[in-house]
Structure formats: structure tokens, C-alpha cells
Amino acid sequence: MFLKATSHGDLEPYFCMRFAWFNNEMGCFFQLLFRRNFGLSVCFDTDSVDGAGKAPMFGDYEAQRHWQEVTYNLPVKEWYFNTTDNDLGYWGLDYPPLTAYHSLLCAYIAKLINPVWVELHTSRGYESASHKLFMRTTVLFTDIVIYIPAVILFCFYLTDGSSKKKVATALCILLYPGLILIDYGHFQYNNVSLGLALWGVVGLGLGWDLLGSLAFTLALNYKQMELYHSLPFFCYLLGKCVKQGLMGKGLLLLVKISLTVLVTFAFCWWPFLPDPQQILQVLHRLFPVDRGLFEDKVANTWCSLNVLIKIKTLLSKDTQLLLSFALTLLFILPSSIKLLSKPTLWQFKLALVNSSLAFFLFSFQVHEKSILLPALPVCLLMNEIPLMAIWFLLASTFSMLPLMLKDGLLLPYVVTSLAFLYLGLYLLSALDRSSEEDLRLGSCHKLTQHCLSKHTVSLLVKIMFRVSLVAMAGLSFTSVVLEPPARLPDLFPVLVSVFSFLHFLALLLYFNLVQLTEPSSKKGQKKTN
């Protein structure tokens, strides 16, 4: 600690010491950040991309390349329609306009480097080391421009603790394996939508409500899955307006926010607005209910329940849709109502977790990679509840193991997961912060004090955490080494899915408990600006 300067003469050495210390901390941070990005280029060889060499669809890598081909060569009015030049059955665009504009921008750069990469029709299934390097570079660029600055700003301005602790938190968030593996292995550009959503959180946390609204609206117009986060954003802003008074400042703020959202939507959808058929077709592509309740072996309620009860066979598609909607609404309403009545940053972060995790577990048409949506707000809890955050983030990465193995990402999966686990436990002292107070369960002590002491609760959590890690490691090993029985070819993916689902369901209950039992006054809690 530095002593308070008492005179002008004392200020110079004081600030020199402070600057030197800060310079050293930030120097270490950026060195580690550089090593992270350099490590990515080493971990991911040019062949480890989704669907490489696997005709006829070639996977997500080809999907992103094909969207660049389509947006560059075809007029906007044909981007979302099935035509002779745009076969929607072959990776047709199914994301909002901002994704299409991003593909178009990448296509212009690709055209300058090598026109073959985006030639209409003839480039289908194109693969080369140089093009894969280009694609990974575009992911890295969006990381550096959008996602990483948002993480740094959040950690340095919206978390408590010393600068050293803030640097450690930022580094752990940036080393989250799930996002790294999917974006650099599948070219999904989740760092764009999640980065914009995080800019929205930063904006609201700093009191820049219009900037936060703008950023989140852009995120929603980049990937429609950001709907997972939409209700907490709405409830936080509405709750803030209500607190300021809907007959005064609150009404003015509500009008400003509404105009910001409407203008941003209009800007993103401008080329499609003149023709209502265009708008309807885009919406049809964004929400393809015909695909069914779930895809592949996703670790949510419906896929796990399907092991025992064949839901897709027993229930009609309309019934499945209504059931998923009802359960999703049931699980997101309590946290949203609490946030509406108490719009603080802490409540906002917890509501983001509870809403997105409920969507993942119960909503319609969920993919394995959608677990990244609840993972983002869980990352934002790393500073306050490090052990539970690390536990969730490791489980979320593990839940995508079948996807990693299918695409030859075993080595990056192992390396990034071990690095994240070690640094998370070491830098954030996660295992030492497992008391009821550290887990934000102090208000529940009255319910457990007769059967569990505070020490026992801490010990049980540590034991369950270690058992969970051993089980994940064991399932990972057996999935790689052992061949499943011929009559159960999907045995290991199903085990991974159900095991992960049980984690997510338990953690959903835990995060809801933390949010809903929060006392009326909380020491050190950041209030609404």
C-alpha cells in the first residue's frame, strides 16, 4: 500500500511509484494476452476446422466462407431467398442483417487477397491453408476490436478489488476455453455478438444507457440468440426508468432509449424495409421452427429427457413449442421481476445468467454452442463468485466435447481447459473462497444451520467440485480411447450431454437462489448510476 502524500514534494515519488507499479501490472497483462493469442495460432493447426474436407456440406468453416460468396456476388434482395444462384439448402443465411454485412466486409477483403475465395459457385467447398489463416485472422481481429476491449473495460471499471485482481479477472475471462474453441475452430464470430452484448453491460453499468442500448441492439441484430439476454436488458432499463419516475426524468429516459433502439433497428434493416416480403423472409430464416425441439446431443432438458421419453415422437411440434415456451417463461420470470424491482448491476448480472441459462435448458431449437450465451454473464461473476463461475465455465466447455472430437480439436480442448482451470484457481484463489458468504448463500444459513455448519458447506462444495472435475476428465478420456457398443453408438455423447445437463440445472437453481435471496442492502454492491 502507498502512504497518502502530504505535500507537493511528496507527490512526485508517490505518482512515480504508482505509475511504475501500474505499468508493470499492465505490462504483465498484455504479455499474457499476447501469449494467449500466439498460443491460439499454435494450438489450432490449419486442418482443425469444422467440416474440413467433409463433403457435401463441409461444416461451419464453409458456411462462413459461403456467406461471403453470397453477399459479395448477389444483390441484397436475394440474400435470404432461394434462387438459382442462392441454394438455401446449402448453408443459406440464417442470421440477422448485421451478420450478412460483416460477411460482405470480409468478402471485400478476401476478394483483394485472392478472388478465388469468393467466386460464385466455383468456390464451393474451397479449402486452403492461406484461406484458413485469413478466416482465423478475421476472428482474431474482431476479438481485438470488439470483445477484448469490452472485457478490459468491464473488469477495470465495473469490478471491485485491487488492480492486480482486476487484471487476473480479465485474463481468466479472456482464457475461457469454450469461446476460444468455438470461434477459432468453427469461425462462428460469437466474439462479435457477445462482445457487443458486453459493451451493452458496460454502457449500462457506467450509466451510459443510450450507448448500452445501442450496443445490445447491434448484438441482437448480429445474432438472434441474443434474445437469451434481452429480457434482463429490458427489465433493468425499465426498472431504472420507473425508479426515476415515469412522469418526469424516467419518462424522458424511456423515450430516449426507445428511439435509440428503433433507429438502430431501422439502420440495420434499412435495405429490407421497402419490401414487407423481404422482412418476412428474413424472419422466417431467423426462426426455423421446422428444425425441431433440439439438435444433436445438446445438454439441455429436452435432449436429456429424450433418453427416457421420446418427446419428439410422443408430442406434436405445436405442443413441443408451447411446452418449451411455458417452461422457459416460468424459469425466467422470477429473476426478471426481481431485477425490475431492484435494477442494480449485481442483480442485472445474475438475471442475465438466469435468463440465458433458462433459455438454453428449456427453449425451442437449441444448439450445443448456445451454452456460450449463459457463459458470458457467468464470466462477469468471476470476481464475486470465482469457484462457481469456474465450475460452470468448465462444464460448459465439457458439454461441447463431442463437437470438439468430431472436428479434431482434442489438443486445443485439453490445453485451454487445463490452462483456464489452473490460472482460475491460482489467480482468483477460488478454492479458498468457498464459504457460505463467498458463495453468496449467507442469507440461506438459517435454513441449513441445524444440519450443516458453515465449514461443512464449504467442504461439501469443494468435494463436489473435485469429483465433478474427475468425472469430466474420465468421460473425456473414455470418449477418446474407448469404442462404444455397436448397439449404443451415441453412448459417450449422451453421457456427456446428461452429465452436463445435471450441472446446468443445479447451477440454474443456485444462481436463482443467490439472486432471489439477496438481502435488501448489500455491502460493496455497485448501484445503478
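Trainee: Is Phe420 to be read as buried or exposed?

Mentor: Phe420 counts as buried because its relative accessibility is 1%. Buried means under 20% relative accessible area, exposed means over 50%, and partly exposed lies in between (1.4 Å probe, protein chains only). This is a predicted model, in which local features need pLDDT of at least 70 and side-chain atom pairs count only at pLDDT 80 or more, while totals for chains, interfaces and linings use all residues. Residues are numbered from 1 along each chain as its sequence is written, and side-chain values use heavy atoms, with hydrogens and water left out.

Trainee: What share of the chain is buried?

Mentor: Of the 529 residues in the chain, 52% are buried. The chain exposes about 23900 Å², of which carbon and sulfur atoms supply 70%; accessible areas come from the Shrake-Rupley method with a 1.4 Å probe, and for residues only the protein chains shown count as cover.

Trainee: How many helices and strands does the secondary structure contain?

Mentor: The chain has 21 helices and zero strands. Among contacts with a separation of 6 or more, 76% join residues 24 or more positions apart, a contact being heavy atoms within 4.5 Å.

Trainee: How is a pair of aromatic rings read, and how many are there in the whole structure?

Mentor: An aromatic pair is described by the distance of the ring centres and the angle of the planes. Rings of Phe, Tyr and Trp (its six-membered ring) pair if their centres lie within 6.5 Å; planes under 30 degrees apart are stacked, over 60 edge-to-face, and the rest tilted. A search of the whole structure gives 19 such pairs. In one of them, the rings of Tyr176 and Phe420 have centres 6.4 Å apart and planes at 70°, so this pair is edge-to-face. It links distant parts of the chain, 244 residues apart: Tyr176 is in the loop between helix 5 (163–174) and helix 6 (177–186), and Phe420 is in helix 18. Tyr176 also counts as buried, at 3% relative accessibility. Elsewhere, Phe216, Phe233, Tyr236 and Phe348 form one aromatic cluster.

Trainee: Which residues have the most contacts inside the largest nonpolar core?

Mentor: In soluble globular proteins, nonpolar side chains tend to be buried together. A nonpolar core is a set of buried Ala, Val, Leu, Ile, Met, Phe, Trp, Tyr and Cys residues joined through side-chain atoms within 4.5 Å. The largest one here has 138 residues, and those with the most contacts inside it are Trp79, Phe348, Met382, Phe392, Leu393, Phe504 and Tyr510. Helix 14 (residues 345–362) gives the most to this core, namely 13 residues. Leaving aside residues up to four places away in sequence, Phe392 touches Leu357, Ile371, Pro374, Ala375, Val378, Phe504 and Leu507.

Trainee: Which residues form a nonpolar patch on the surface?

Mentor: Patch residues have over 30% relative accessible area and no salt bridge; like charges are joined within 9 Å, and nonpolar side chains (Val, Leu, Ile, Met, Phe, Trp, Tyr) within 5 Å. Leu410, Val414, Leu418, Phe477, Val480, Val481 and Leu482 form such a nonpolar patch, with about 610 Å² of accessible area together. Helix 18 (410–427) and helix 20 (454–481) each give two or more residues to it. Val480, in helix 20, counts as partly exposed at 41% relative accessibility. Ser479 also lies in helix 20, but is buried, with a relative accessible area of 16%. Not counting residues up to four places away in sequence, Ser479 touches Leu401, Leu405, Phe492 and Val496.

Trainee: How many salt bridges does the whole structure hold?

Mentor: Side chains of opposite charge can pair when their charged atoms come close. The criterion is a side-chain nitrogen of Lys or Arg within 4 Å of a carboxyl oxygen of Asp or Glu. The whole structure holds nine salt bridges. One of them joins the side chains of Lys369 and Asp60 at 2.6 Å, N to O. Lys369 is in the loop between helix 14 and helix 15 (372–379) and Asp60 in helix 2 (residues 60–73), so the pair ties together parts 309 residues apart in sequence. Both Lys369 and Asp60 are buried.

Trainee: Where do Lys342 and Glu518 lie in the chain?

Mentor: Lys342 forms a salt bridge with Glu518, with the closest N and O atoms 3.4 Å apart. Lys342 is in the loop between helix 13 (317–341) and helix 14, and Glu518 is in the segment after helix 21 (491–516), 176 residues apart. Lys342 and Glu518 are both buried.

Notes. Helices (H or I, at least four residues) and strands (E, at least two) are DSSP runs, numbered from the N terminus.
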